[in-house]
Amino acid sequence: MRILGLDYGSKTVGVAVSDALGLTAQGLETIVRKEENKLRQTCARIEALISEYQITAVVLGYPKNMNNTAGDRAQKTEDFKAMLERRTGLPVILWDERLSTRSAERILMESGVRRENRKAVIDKIAAVFILQNYLDSLAAGRCESSQPQEQTEN
């Protein structure tokens with residue numbers, strides 16, 4: 001059982017994958033596109049990764065506001081979720097991603113990664129945080145792996 005984690009942004013998608021046991025998340029790559037609405041190559045790359053790693057589910061970071069409301073970015077993420085489900089036939093689980101990018105930034109700063117180099121990897125690291133939080137929740141028995149669901153609490 002391998003799960004793909006995605007941090008979907010306006011021009012990038014950070015990608016992480018779980019190990020075969022579903023215990024740990026590893027960063028894979030950051031998919032970059034020139035325009036926000038040009039998703040054909042992004043989807044093709046995600047589909048290739050799904051095939052390569054034999055993915056059984058996708059966890060997609062859900063960008064809720066700090067007051068727990070869903071804004072414009074959340075709606076775009078929901079649209080992306082629907083498209084991924086149609087294209088891949090896999091369950092796509094929305095997972096609260098609040099503070100994942102900030103956590104990734106902090107880790108990179110503490111690791112001594114220069115500011116200009118952080119931009120290239122921050123989305124991939126954020127995807128690792130999103131996926132690892134989901135995997136930890138599975139291990140703690142707080143959600144069912146076979147049932148797609150939206151996580152709403154931190």
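Me: Which residues touch the most other members of the largest nonpolar core?

Reply: L4, L6, I46, V58 and F80 do, out of the 23 residues in that core. Bear in mind that this is a predicted model. The elements giving two or more residues to the core are β1, β2, α1, β4, α2 and β5.

Me: What makes F80 count as buried or exposed?

Reply: Its relative accessible area. F80 comes out at 1%, and buried means under 20%, so F80 is buried. Leaving aside residues up to four places away in sequence, F80 touches L6, Y8, L39, C43, I46 and L60. There's also another core apart from the largest one, with 14 residues, including A25, I130, L131 and L135.

Me: Why is the aromatic pair of Y8 and F80 called stacked?

Reply: Two numbers settle that. The centres of Y8 and F80 are 4.1 Å apart, and rings pair if their centres lie within 6.5 Å. The planes are 5 degrees apart, and under 30 degrees counts as stacked. Y8 is in strand β1 and F80 in helix α2, so the pair ties together parts 72 residues apart in sequence. Y8 is buried as well, with a relative accessible area of 6%.

Me: What makes the pair of W95 and Y134 edge-to-face?

Reply: Here the planes sit at 85 degrees, and over 60 counts as edge-to-face. The ring centres are 5.1 Å apart, and the limit for a pair is 6.5 Å. W95 lies in strand β5 and Y134 in helix α4 (residues 115-139), so this pair ties together parts 39 residues apart in sequence. Both W95 and Y134 are buried.

Me: How do you know that the side chains of E29 and R45 meet in a salt bridge?

Reply: The N to O distance for E29 and R45 is 2.8 Å, and the cut-off is 4 Å, so the pair qualifies.

Me: How many salt bridges does the structure hold?

Reply: Four. One of them joins E47 and R87, whose closest N and O atoms are 2.9 Å apart. That pair links helix α1 to helix α2, across 40 residues. E47 counts as partly exposed at 27%, and R87 is partly exposed at 39%. K81 and E85 form a salt bridge too, at 3.0 Å. K81 and E85 are four residues apart in helix α2, which puts about one helical turn between them.

Me: What makes β3 and β5 edge strands?

Reply: Each of β3 (25-32) and β5 (92-96) pairs on one side only. The open sheet has five strands in the order β3-β2-β1-β4-β5, with mixed pairing.

Me: How do you know that β1 and β4 pair?

Reply: Two strands pair if there are at least two bridges between them, and β1 (residues 2-8) and β4 (residues 55-62) have five, in the parallel sense. For instance, the bridge partner of I3 in β4 is A57. Helix α2 (residues 72-88) packs on the sheet, touching β1, β4 and β5, and its direction makes about 170 degrees with that of β4.

How values were computed: Residues are numbered from 1 along each chain as its sequence is written. This is a predicted model: local features need pLDDT of at least 70, side-chain atom pairs count only at pLDDT 80 or more; totals for chains, interfaces and linings use all residues. Side-chain values use heavy atoms; hydrogens and water are left out. Contact means heavy atoms within 4.5 Å. Axes are lines fitted to C-alpha atoms, for helices over the stretch in contact, and angles run from 0 to 180 degrees between N-to-C directions. A nonpolar core is a set of buried Ala, Val, Leu, Ile, Met, Phe, Trp, Tyr and Cys residues joined through side-chain atoms within 4.5 Å. Buried means under 20% relative accessible area, exposed over 50%, partly exposed in between (1.4 Å probe, protein chains only). Rings of Phe, Tyr and Trp (its six-membered ring) pair if their centres lie within 6.5 Å; planes under 30 degrees apart count as stacked, over 60 as edge-to-face and the rest as tilted.
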